[in-house]
Amino acid sequence: MKENFIGKYNLQKTLCFSLIPEEKTEEFFKQRKLLEQDTERANAYEIVKKCIDRYHKSFIEETLSGFKIADLKDYKDYIELYSKTGKNTADLKKIRDLEENMRKAISKRMTGDEKYKSIFDLKKLQPNNEDEKEKNAIDSFKKFYTYFTGFNTNRKNIYKDSIKNSIAWRCINENLPRFLDNASIFPKIQEALIDENPDSFENSMLLIKEKAQIPSDTKIEDMFCPEYFSSVLSQSGIDKYNDVLGGYSCQDGAEVHGINQLINLYNQKIEKKDKDLRLPLLKPLYNQILSDSEKISFIPEKFNSDNEVISAVGEYCKKISKYFDPLTELFSELPSFDRSGIYISSGKAVDDLSNKVFGNWSTVADKWQEEYMQQHPQKKKQTDKYLEEINREYRKIKSFSLAEIEQLTDDKEDRVSAYYKKAAEEAKEKFYCCYDKAKVILNGGKYSYDKNGKRLCKNIEDKTLLKDLLDSVKDAERTFKPLLGTGKEEAKDQVFYGRFCEIMDELCRVDKLYDRVRNYVTQKPYSKDKIKLNFENPQLLGGWDMNKENDYRTILLEKKAITIWLL
C-alpha cells in the first residue's frame with residue numbers, strides 16, 4: 001500500500017541541525033560579508049514591504065473609486081431580494097449567487113486593470129519622495145526579487161473573489177448589508193429628527209456636509225440611497241460616509257456631531273416617554289483592506305519590546321473598558337426589544353446556548369425537529385431517508401431569532417433574556433477584576449515595563465495577568481458575537497443592532513492584539529529573528545534538479561544519512 005504514495009506528493013522537512021562554516025569556508029564568509037549582507041537585506045525587507053503596500057493602497061483606491069457597481073443588474077437584483085420579506089430557500093441561494101457575481105465583478109475590475117501586473121513588478125518600485133532610506137532598501141533587492149514571492153502571493157489573495165478578508169469580500173459580504181440596513185432606516189430617522197426641530201436638523205446637515213467635504217451636488221440623504229454604494233467601495237468614500245455617521249474632530253479642535261450623535265440626543269429625550277419611539281443608530285462601514293484606517297494605531301505589525309506590549313494592552317483596555325457598561329445596559333433592556341428581530345448564528349452557538357439555558361446541548365434542535373415532524377409528517381413508518389431529510393433541513397438554517405428559540409422551548413420564564421443579562425454582568429465583572437489586577441504591570445498609564453532586567457516572556461506571573469485580562473475580553477466576544485447572526489436577516493431590530501454592533505466592533509478588535517501578544521510572550525527567550533540566507537544567490541537551495549545545480553548552488557547526496565553541499 002505505501003508504495004502507492006511514494007513520489008506522489010510534495011513533502012517539506014525541517015532540518016534540525018546547524019550548518020557551521022569551517023576553515024576556508026568561514027574565512028570566505030567573513031571576506032565577502034555574506035551573513036552581514038543577508039542581515040541587512042532582511043532589515044530592508046520590512047521597509048520595502050511598506051513601500052509595496054503604498055502602491056497597493058493607491059491602486060485599490062483608484063480602481064474602486066471609478067467602479068459603478070450600482071449600475072450592474074446583479075446589484076439591482078440583489079437590492080430587490082435583500083428587501084424582500086419571507087425569503088425562501090431559493091431566494092437565499094439566489095442572494096449567495098448574486099454576491100458571488102458581484103465579488104467576481106470587483107475582482108475582475110482590479111485584476112483586469114493594466115496597472116495590476118505592474119504593482120507586483122519590483123523593478124518599477126520607486127521610493128517615496130526620493131527617500132534615501134527607501135531607495136537604498138529597494139536597491140538592495142536588485143536580482144533578489146524572488147525574496148518577495150511569498151509576500152506577493154499573500155497580496156494577490158486580497159484581489160481574489162472567493163477569499164474572506166479580500167477586497168471583494170469586504171465590499172459585498174461585510175459592507176453591503178450594513179449599507180442597505182442604513183439605507184432602509186434613514187428615512188425614518190430623517191423624518192423623526194425633522195419633526196423634532198426642522199431648523200436644527202437642517203443646520204446640522206449643512207455643517208456635517210461642509211466639514212466632511214461632501215460634493216455640493218450631493219445631499220446627505222443621497223448617501224443613503226442604494227445607488228450611492230458605488231461611492232463607498234474605496235477607503236476615501238468609506239471615510240466620508242463614516243464621518244457623516246459618527247462625526248469627527250476638526251483641526252482646530254472643534255467637534256462636529258454626526259447623525260448618530262443627533263440620534264443619541266433624540267433618544268435621550270424620547271425614551272423617558274416611550275422607549276418604543278427610540279431611533280436606531282446607523283452602523284459604520286468596515287474599512288477597506290490594507291487601508292491605514294483599518295490598522296489600529298497602537299498595535300504594531302510585530303511587537304519588538306516588552307514596553308510595546310504593555311503599551312498596546314493598556315491602550316486597548318483603557319478604550320474597551322468604556323463599552324462594558326453599555327453592554328450590560330443593553331442586555332438588561334433585552335425584554336424591551338423585538339426579539340423576533342434579534343438573531344443568533346445556528347450550529348455550535350445555538351447548541352451552546354441550549355446547554356447553558358436549558359441544560360441540554362440538543363434541546364433547541366430536538367424541539368425544532370419535533371415541530372418539523374408535525375408540519376411534515378412521514379406517511380409511512382419513519383425511515384433513515386426521512387431522518388436525513390430532517391437533518392438536512394435543519395442544517396440549512398443559518399440563524400434563529402431569540403423569539404423563535406423561546407417559542408420552540410416554551411420559555412415562559414424568559415430564561416434566554418435572563419441568561420444574556422447575567423452573561424453581560426459576569427463579563428463586565430470579570431474584565432474589571434482582571435483589569436484591576438493587571439494595573440500592577442500596566443503601570444498607571446505610563447506603560448513602561450521594568451522587572452529588574454527580567455523580560456516579560458520569562459515572567460510567568462505577569463504573563464498570566466496579561467493572558468487573563470485579554471481572555472476576559474475574548475470570552476465576552478465569544479459569548480455575544482453569535483448574536484450578530486449572518487447580518488442579512490430580514491426584519492432585524494435595528495434599535496438593538498445599532499447599539500450592539502458599535503460594542504461588538506470594539507470587542508472584536510481584541511483578536512489582532514491577542515494573537516500578536518501571544519506570539520511575543522511565547523517566543524523562546526534565547527531565539528533570534530530568523531533571516532533568509534542567500535549567499536549572494538537569489539536561487540540558493542531552490543531545488544535538487546541535476547540540471548540546475550549551478551543555479552541553485554546545492555547538491556543532495558544520500559548514503560545512510562543525508563548530506564547537503566553548498567557549492
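Where is glutamate 489 found? Select it to begin: glutamate 489 sits in the loop between α18 (460-480) and α19 (494-507). Keep in mind that this is a predicted model.

**Stop 1: glutamate 489**

Show its side chain. Glutamate 489 is buried, yet it has no salt bridge.

What lies 2.7 Å from a polar atom of the glutamate 489 side chain? Turn to the backbone. The answer is the backbone nitrogen of threonine 486. Select glycine 487 as well. Its backbone nitrogen lies 3.1 Å from a polar atom of the glutamate 489 side chain.

Then look further along the sequence. Leaving out residues up to four places away, glutamate 489 touches Tyr343, Ser399 and Leu484.

**Stop 2: lysine 474**

Move to helix α18 and pick lysine 474. Is this residue buried or exposed? Lysine 474 is buried, with a relative accessible area of 16%.

Next, select aspartate 511. The side chains of lysine 474 and aspartate 511 are joined by a polar contact of 2.9 Å. Together with Asp511, they are in contact with lysine 474, when neighbours within four places in sequence are set aside.

**Stop 3: the cysteines**

Select cysteine 317. It is buried, at 0% relative accessibility. Which cysteine sulfur is closest to the sulfur of cysteine 317? Go to cysteine 434: its sulfur is 9.5 Å away, too far for a bond. A disulfide is a covalent bond between the sulfur atoms of two cysteines. The cut-off here is 2.5 Å between the sulfur atoms, and by this rule the model has 0 disulfides. Cysteine 457 is another one to select. It is buried too, with a relative accessible area of 7%.

**Stop 4: two loop residues**

Finish with backbone angles. Select asparagine 165, in the loop between α6 (149-157) and α7 (167-196). Its phi is near 70°, a positive value in a residue other than glycine. Asparagine 165 counts as exposed, at 53% relative accessibility.

Last, go to aspartate 410. Look in the loop between α16 (402-408) and α17 (415-442). Aspartate 410 is not a glycine, but has a positive phi of about 55°.

How values were computed
Residues numbered from 1 in each chain as written. Predicted model: local features only at pLDDT ≥ 70, side-chain atom pairs only at ≥ 80, totals over all residues. Heavy atoms only, no water. Buried < 20%, exposed > 50% of the residue type's maximum accessible area, 1.4 Å probe, protein only. Helix = DSSP H or I, 4+ residues; strand = E, 2+ residues; numbered from the N terminus. Lys, Arg positive; Asp, Glu negative; His and termini not counted. Salt bridge = Lys/Arg side-chain N within 4 Å of Asp/Glu carboxyl O. Polar contact = N/O pair within 3.5 Å; in protein donor to acceptor, adjacent residues only side chain to side chain. Contact = heavy atoms within 4.5 Å.
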